[in-house]
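What follows is a short walk through one protein model, beginning with a sheet and moving on to the helices around it.

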Amino acid sequence: MDIPGTKLLRNKDFTNQIIKNIKKICQNLNRVKIMHVCGTHEHTISKYGLRSLLPKNIEILSGPGCPVCVCPAADIDKAVELGKRKDTIITTFGDMIRVPATNISLAELKARGADVRIVYGPHDAIKIAQDNPNKEVVFFAIGFETTVPLIGYEILNTPPSNFSVICAHKLIPAALELLISQSKLNIDGFISPGHVATIIGLQPFCLFSDAYRIPNVIAGFEPNDVLLAILMILRQKIEKKYETLNEYTRVVKPEGNKKAQEIINQVFKQVSSPWRGIGRIMDGGLAIKSEFAQYDADQKFDIQLPKSQDIPPGCSCHLVMVGKLYPYECKLFRKDCTPLNPIGPCMVSMEGTCQIYYKYYNP
Ligand code: SF4
């Protein structure tokens, strides 16, 4: 079966053909655990009920694929602390402002009168800095490899001196390695995020297939993309081949986006970085290089923070994020914790596993 052209992406006959092939292979397999690490993949899987189409011996786990969810409380506390200053405007992506931090979220800080603004990206924040030369404008930058080049590009273009960035970017491949080596989840295969691979290419993912002998498929975001990725993993398992394959060939080039990689390497360096609920991951994040220190809020401001708290009492986000618990197994799910009143980060974002389950699963 070939990788589909765009016409087949939502074609029901093609879906049935993939499912038939999956079922056939599964007759010869015991339990198979496949993990994805992308909120958009979970969204596709849940929205289209893909789990219900699969044989009972396939389990699809949701990994730490929501950038808002893995952002540590300490970084939000930092933004809150800076936002308390009368001369400072905090800017960030929409989902980020409602995420619970140690004491208050950015939304609560805004309700108390601070100037916190939602923007579509760093370019908007720079415009705000240009329009407010007497204020400091801080862009709270979160996200995986997909959002990093945008910020690097803006920094290379010499933004105004009253603009700076809280750099809370995380890197996906390092997290996958940690999941394999520490979680004892016995993962049989990874569905890796196509948009991340669009930037970094296939090579950083090859570690999993080469060193750990775990099949890895870079997948797109349509239902048939995800199903095909599952089939490609199962085939590797049955044939005892362990490769990194590209299902998302219509977008992902093996070498990734060289220009974007160049920008990332110019502006950022890989650092050991804390992931909310998971802990510090070696090479799991990015920091701004010292040449661009004037745009790095960490280096520009003296920020004193109290000890932070990542996981509120009773919340199980740290288990949900590594696939050890389904959201409906958390005792607060749908009761105390809802999208209108989120207790943990996984219920805030549209890419958070708890919010997706809240929307699509009604046990
Ligand atoms: S349902 Fe709420 S409290 Fe429970 S793990 Fe999810 S976000 Fe945390």
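Helices and strands here are DSSP runs numbered from the N terminus, helices being H or I of at least four residues and strands E of at least two; two strands pair if DSSP finds at least two bridges between them. This is a predicted model, where local features need pLDDT of at least 70, side-chain atom pairs count only at pLDDT 80 or more, and totals for chains, interfaces and linings use all residues. Residues are numbered from 1 along each chain as its sequence is written.

An open sheet is formed by 4 strands in the order β4-β3-β5-β6, with parallel pairing. Because β4 (115-118) and β6 (163-169) stand at the edges with a single partner strand each, one side of each has no neighbour in the sheet. On average, neighbouring strands of this sheet are turned by 20 degrees against each other, direction ignored. Axes are lines fitted to C-alpha atoms, for helices over the stretch in contact, and angles run from 0 to 180 degrees between N-to-C directions.

Strand β5 (residues 136-143) runs parallel to β6 and is joined to β6 by 7 bridges. G143 has H169 in β6 as its bridge partner.

Helix α4 (residues 73-83) lies across β3 (88-92), β4, β5 and β6, at about 145 degrees to β3. Contact means that the C-beta atoms of two residues, placed from the backbone, lie within 7 Å.

Elsewhere, helix α7 (residues 148-156) packs with helix α12 (residues 258-267) at an angle of about 60 degrees, their axes 9 Å apart. In this contact, V148, P149, G152, Y153, I155 and L156 of α7 meet A260, I263, I264, Q266 and V267 of α12.
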